[in-house]
Amino acid sequence: MKTLTINRQQRELDSPDDTPLLWVLRDELGLTGTKYGCGKALCGVCTVLVDGAPRRACITPLAALDKHAVTTIEGADSKVARAVIEAWTALDVAQCGYCQSGQIMAATALLESNRRPSDADINAAMDAILCRCATYVRIRAAIHAAAEALA
Ligand code: FES
Ligand code: FES
């Protein structure tokens with residue numbers, strides 16, 4: 001049995017220790033905003049926050065999360081997350097949308113630790129999350145817009 005806080009709610013989970021967090025979120029808890037892409041830590045679309053830091057849910061086993069806090073797109077309602085989502089909406093960032101929950105979670109983590117990121121900071125933080133629709137330019141603009149709104 002593992003005890004996790006998921007989107008501020010405590011959950012007791014008894015899946016096998018090696019069950020990937022992504023399976024728990026989507027199949028056990030119905031939190032389908034976090035997407036499955038490669039399943040091998042290559043695309044980043046499954047990115048969620050664990051104790052505020054970006055983590056790939058597809059390769060994070062349940063055993064590593066006991067007593068830790070997970071935030072998914074469904075629970076992204078901090079001040080910073082709201083600013084990010086508002087900027088995403090204002091700049092119409094998403095195209096097909098498939099990668100965007102991972103992008104928003106990573107952008108939120110970046111702005112939580114760096115309120116005035118440079119283009120290089122943004123590239124470094126967001127580089128490993130792939131977007132098949134190539135929305136990268138709008139993602140960077142939205143992160144700058146969110147930073148402005150939070151200033
Ligand atoms: S689905 Fe997790 S990194 Fe691709
Ligand atoms: S918006 Fe389509 S994959 Fe990123």
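Modeller: An axis here is a line fitted to C-alpha atoms, for helices over the stretch in contact, and angles run from 0 to 180 degrees between N-to-C directions. Helices are DSSP runs (H or I, at least four residues), and strands (E, at least two) are also such runs, both numbered from the N terminus. This is a predicted model, in which local features need pLDDT of at least 70 and side-chain atom pairs count only at pLDDT 80 or more, while totals for chains, interfaces and linings use all residues. Residues are numbered from 1 along each chain as its sequence is written, chains are lettered from A and ligands numbered from 1 in the order in which they are written, and side-chain values use heavy atoms, without hydrogens and water.

Start with H3 and H5, the latter covering residues 136-150. Their axes lie 11 Å apart, at an angle of about 40°. H3 and H5 are therefore oblique to each other (under 35 degrees is roughly parallel, over 145 roughly antiparallel, 65 to 115 roughly perpendicular, the rest oblique). On the H3 side, Gln100, Gln103, Ala107, Leu110 and Leu111 meet Ile139, Ile143, Ala146, Ala147 and Leu150 of H5, where contact means heavy atoms within 4.5 Å. Eight residues of this contact are nonpolar, two are polar and none is charged (Ala, Val, Leu, Ile, Met, Phe, Trp, Tyr, Cys and Pro count as nonpolar, Asp, Glu, Lys and Arg as charged, and the others, Gly among them, as polar).

H4, residues 119-126, also packs on H5, with the axes coming within 11 Å and crossing at roughly 120°. H4 and H5 are therefore oblique, and the crossing is right-handed. Asp119, Ile122, Asn123 and Met126 of H4 meet Ile139, Arg140, Ile143 and His144 of H5. This contact has four nonpolar, two polar and two charged residues.

The remaining pair is H3 and H4, whose axes come within 10 Å and cross at roughly 130°. That angle makes H3 oblique to H4, and this crossing is right-handed. H3 contributes Gln103, Ala106, Ala107 and Leu110, and H4 contributes Asp121, Ile122, Ala125 and Met126. By class, the contact of H3 with H4 has six nonpolar residues, one polar and one charged.

Key
Left-handed = near helix turned anticlockwise from the far one by under 90°.
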